[in-house]
Amino acid sequence: MTFLTVYVVLTIGYKVYLDFFDGSKYYPDYLTNLVAKQSESLINTLGYDAKIVPHPDEPSMKLLVNSKFVARVVEGCNSISVIILFISFIIAFAGKFKATFIYILSGSVLIYVVNLIRIAILSIGLYNYPWREDILHTVIFPMIIYGMVFLLWMFWVNRFSKKKQQHA
């Protein structure tokens, strides 16, 4: 019940955030725009020429690698929905307040950073192996982020959760 309550409250809060942005300053919204820019910087650091431009037909950012359009950075790419899922689970199996807070904060930052890395991997992969788009986007891409969240959950439950401490 705790998981569901936290998930619904955070999801509604995120929806309100998305509804607040009209795309005039940061397109399509601040966090998606930030993820697109940071992904661009990461890909450039890896030796490719990446550029992001607003998509003219939909609320997303086009990601180009060496002038080739390889991906769209949409709202779902900013990792916030995954972070909401992560936080909901951790709170549902909360430990001591300080440990829970620090784990939520550090886990969220880790998920965010791994998300940027996965966008870079996907984009470079799509640039070099466009015929592998299906496996890259439907298998590798989700496996990286959800696998990481699963490992963080298991580590939490086995190390810090009050549920674990009650059974010890």
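Ile 102 lies in helix H4, which spans residues 97-128. Helices here are DSSP runs of H or I with at least four residues, strands are runs of E with at least two, and both are numbered from the N terminus. This is a predicted model, where local features need pLDDT of at least 70, side-chain atom pairs count only at pLDDT 80 or more, and totals for chains, interfaces and linings use all residues. Residues are numbered from 1 along each chain as its sequence is written, and side-chain values use heavy atoms, leaving out hydrogens and water.

Stay with Ile 102. Its relative accessible area is 46%, so Ile 102 is partly exposed. Buried means under 20%, exposed means over 50%, and partly exposed is in between (1.4 Å probe, protein chains only). Ile 102 also belongs to a nonpolar surface patch of about 780 Å². Patch residues have over 30% relative accessible area and no salt bridge; nonpolar side chains (Val, Leu, Ile, Met, Phe, Trp, Tyr) are joined within 5 Å, and like charges within 9 Å. Areas come from the Shrake-Rupley method with a 1.4 Å probe, and for residues only the protein chains shown count as cover.

Now look at a helix pair. Two packed helices are described by the angle between their axes and the distance between the axes. Helix H1 covers residues 2-20 and helix H3 covers residues 80-92. Their axes come within 8 Å and cross at roughly 150°. Therefore H1 and H3 are roughly antiparallel (angles under 35 degrees are roughly parallel, over 145 roughly antiparallel, 65 to 115 roughly perpendicular, the rest oblique).

Next come the charges. Side chains of opposite charge can pair when their charged atoms come close. The whole structure holds three salt bridges, each a side-chain nitrogen of Lys or Arg within 4 Å of a carboxyl oxygen of Asp or Glu.

One joins Lys 15 to Asp 19, with the closest N and O atoms 3.0 Å apart. Both residues lie in helix H1, four residues apart, about one turn of the helix. Lys 15 is partly exposed at 47%, while Asp 19 is exposed at 53%.

Another pairs Lys 51 with Asp 49 at 3.3 Å, N to O. Lys 51 is partly exposed at 45%, and Asp 49 is partly exposed at 36%.

Glu 58 and Arg 72 meet at 2.3 Å, N to O. This pair links distant parts of the chain, 14 residues apart. Glu 58 sits in the loop between strands S1 (50-54) and S2 (61-65), and Arg 72 in strand S3 (residues 68-73).

Note on methods:
Axes are lines fitted to C-alpha atoms, for helices over the stretch in contact, and angles run from 0 to 180 degrees between N-to-C directions.
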